[in-house]
Amino acid sequence: MNKQVFTETEFVTAWISGQLFGIPIARVHDVFEAERITHVPLAPAEISGVLNLRGRVVTAFDMRTRLGLPPRESAKKQMAIGIDHDGEAYGLLVDSMGEVLKLSTETLDAVPINLHAGWVAISTGIYRLEDRLMVVLDVDKVLDSRKDTLAA
Amino acid sequence: MEDLLQEFLTETNESLDVVDNELVRFEQEPNNAEILGRIFRLVHTIKGTCGFIGLPRLEALAHAAETVMGKFRDGAPVTADAVSLVLVTIDRLKSILAELEATQAEPTGTDGDLIVQLEQMALDGGVPQAAVEELTIGTLTPQVLERPLRPGEVSLDDLERAFRDTAGPEDKKADKGGDNRRTGERRHPDTLPNGNQTLRVSVDTVERLMTMVSELVLTRNQLLEIVRRHSESEFKVPLQRLSNVTAELQEGVMKTRMQPIGNAWAKLPRIVRDLGQELGKDIELEMHGAETELDRQVLDIIRDPLTHMVRNSADHGLEMPADRIKAGKPAKGTIRLSAYQASGQIVIEIADDGRGLNLAKIRKRALEAGLISDEDHPTDAQLHKMIFAPGFSTAEKVTSVSGRGVGMDVVKTNIDQIGGTIDLKSKPGRGSTFSIKIPLTLAIVPALIVQSGGERYAIPQVAVVELVHRASNANLVEDINGAMVLRLRDKLLPLVSLSQLLRLPKQSAAESEAFVVVMQVGQSLFGILVDDVLHTEEIVVKPVASSLREIKVLGGNTILGDGAVIMILDPNGIAESIGATREDRTIDDFSKKETVLDDDSLKSVSMLVFRSGTGALKAVPLSLVTRLEEIDAKKIELSSGRPMVQYRGGLMPLVPADENAKLSQDGSQPLLVFTDGGRSVGLIVDEIVDIVEDRLEIKVASETPGVLGSAIIRDQATEIIDVAHFLPLGFADWFHGKQGVAREKKKLLFVDDSAFFRNMLAPVLQAAGYDVAALPGAKEALALIERGASFDLIVTDIEMPEMDGYAFAEALRANARTAHLPVVALSSTLSGAAVSRSERVGMHAYVAKFDRRGLLQALKTASADLQEAA
């Protein structure tokens, strides 16, 4: 008998460059289409700009740049996952949204050691889904890019 | 004294509560230097305050606790025993405070028992357990959880704090942080019903109001934007009312948050006096600008840092009287505190005339602390900055006054927290000046919306001096080795392209950078090239995300009426990034006497020597003089008793360089023309003697206004005049003088279809001394005049529905009763054609809507003409 206790967590999932990522649903404020992004001059590369989401200024954060991936080519609508980080509103720009999945820790694995160091730093684990793998993102680490660069 | 004590009690109780909580956290995370730093600072502050307020028992106890905390900071192991001991000490402090509050006097008794243990702890890091138990007073059991808190859990202390801070049904809430023994029983009924017509409202309530007002302003702007697109909307009138009410509400809420900075200074004179006695120094504390208002929240945050800095100045900055006399300075040292508003920022300066920073010592200390290595050769300015590093202190001995290395790093932390900056200038033997700049982070500010590289940006109006249209003006942009400059009247204005500054993609050359926004930041003046100037808007400054805060040229972002987010430029950041803060001599020298006393000025300077009045030679640095003029004495006109001369298309006030200076009756009159921010003043002199190159060293400071002091120039005693004294004289006096003669206010009719501009400009005009009637249209204005209303001046918008400004001016000309009235046109577009058309219809002046200063200037000129005609 297996004595290990498994817990279930719900994830908001999204596709970035053909890879599925998941963010614990508790951290996700909302999902929206990012329109009229205002470019912020002199900003770090991963910050695409700022936008107005129902009267709140949201900082748009380009996940592709953060993950070291090439920029998106398709001109389809730009989806974003709204996150609150240290009281500030961020929108993580992703290619497209996936479903909300309820996953058991039974299928959770540690981050493989051979993963790109930049990815290791911002993921907390990998879920083994039936047909693919889902990388769990630690949004706080994703957004704390400065600390990262210091560590590197 | 009672006020002081009450404030002290409230503050200290609050601090102790925090220390309680933090200590408990610290015990769980003994390696968290941040928590330790906070505790240490709090205890240090408590100790300091006790010392100054004359509470030796509390001070001794806090000092002992601080020593233990200092050991932790130096890496001593954090044991539960040690933390308990400190907690017990805090309990003791609290019980003494409770007594103090009840009896208004520090209870007698001694804390030798605790102090011995604390000292023992500090020495060897251990204490017999039994002794602690014996001494525990038993009021507080440190509520330590055996395991770290899980996410979402709240510590017992937080929970208890939440209970205490929540108003009960009867809301007999005691002072925050009061412990149970104090609550209720010892409260005096000091607030009598109907006694005081003020209410205490929690800051949260005001904060919430502020947030809602900000939202309201945004919504109002959105509505205005929509209505702007539908000119015939029935919403227009109710929206105007909504807009007015919003503006008033906004102002009201802002006002509730403002407090004069003097509130934070109130304790300082006493502190300085006591400190002076303790240290054996004679110290004078000067305070300027105590009425400068600051946001309450900001005020709370800078209160402690200011106190620290004043203490530091007294302790480290000023020398002992004997040393001062030896150095040729007065025995009495001076600490000068000043506060003022400049380009949307509050600037607070703490200056002393002491020995200045000891660079050698800082370098040594920085080496020891590993901040620099032997190979590093930091500049003086870099060395100065090092005193803000954590744990940095050059005090040779640890005094109870300052010096444990708490101080400047705390100051910097607090100021950083509110997005401010701190800067420091120091000259060996002459003293140090700290300047703190606090930006307006939460305010609603009028801003100029400009466009560059296809994006819009907001520039806070306060920093904008004027706008120059490149094409329609003879102003030439020239290039000196890649640096752009603009010939603007009598000066060269450094220019910087906004798109280059922000590294924006290149636009088509055809229409780019058509406007120059002339900005003034502190004492420096520069121009920003932008593609287009759109309009002005009241914007709500929203802070940018922390990851963007490093970008100095951006001061925040805002949501415009049309829903777009745009970035707000930070004038100070821009000035800094283009190096304008270093120096713009022409203006800099006008404002501060210190510049002349600067070391740099010991090099030779070109001086203009002249004679005026009593015959003693006078001189002024040539660099300050814009131009020398000899005018025909007959051209001098007297306007309400003040001499003026028509000069370059405007009226220039003339000011005598000496009370006894006489105007020439005929022949020519020599003048020195000074220009500052586009305004010129002519200084009347008898004779220009010579231009000499000499070292400028002021030997004797002067008390006479307008004279900085005396210097030896070419072996002759010469008075050096203070230009800064004469410049404002020309304008302020001229204006007030006129008011005095006219007795009653000039009646001004202001016609503008935009409620927004009416609301924005009417108060400006009122503040400038006019009796303002603001109307939304020319028809209404003519009807009012028809009904018999009379005015002295008219200001009208050009672009208006139904009847535009030109037609309005023509209608006025056609009426004999109003034909003579000076009309000043206001417009958001500046073009040569518009200006000439305004001249054709007999308008007096044509001013850009956003150029407030230009408007006031035009009105002054217009009313001066009126005076002449009358």
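This report describes a helix, a group of strands and a chain contact in a predicted model.

## Basis of the model

In this predicted model, local features need pLDDT of at least 70, side-chain atom pairs count only at pLDDT 80 or more, and totals for chains, interfaces and linings use all residues. Residues are numbered from 1 along each chain as its sequence is written, while chains are lettered from A and ligands numbered from 1 in the order in which they are written.

## A helix of chain B

Helices (H or I, at least four residues) and strands (E, at least two) are DSSP runs, numbered from the N terminus. Helix α4 of chain B covers residues 80–103.

## Paired strands of chain B

Two strands pair if DSSP finds at least two bridges between them. Strands β12 (residues 483–488) and β13 (residues 491–497) of chain B are antiparallel, with five bridges; Met484(B) has Leu495(B) as its bridge partner in β13(B). Two residues separate these strands in a hairpin, and Arg489(B) in the turn has a positive phi of about 45°.

β13(B) also pairs with strand β15 (residues 524–530) of chain B, in the parallel sense over three bridges. There, Val496(B) stands opposite Ile528(B).

## Contact between the chains

Contact (C-beta atoms, placed from the backbone, within 7 Å) links 18 residues of chain A with 20 residues of chain B. On the side of chain A that touches chain B, β4 (47–53), β5 (56–62) and β7 (88–94) of chain A each give two or more residues. The largest share, four residues, comes from β4(A).

Methods
Expected span 1.5 Å × (residues − 1). Contact = placed C-beta atoms within 7 Å.
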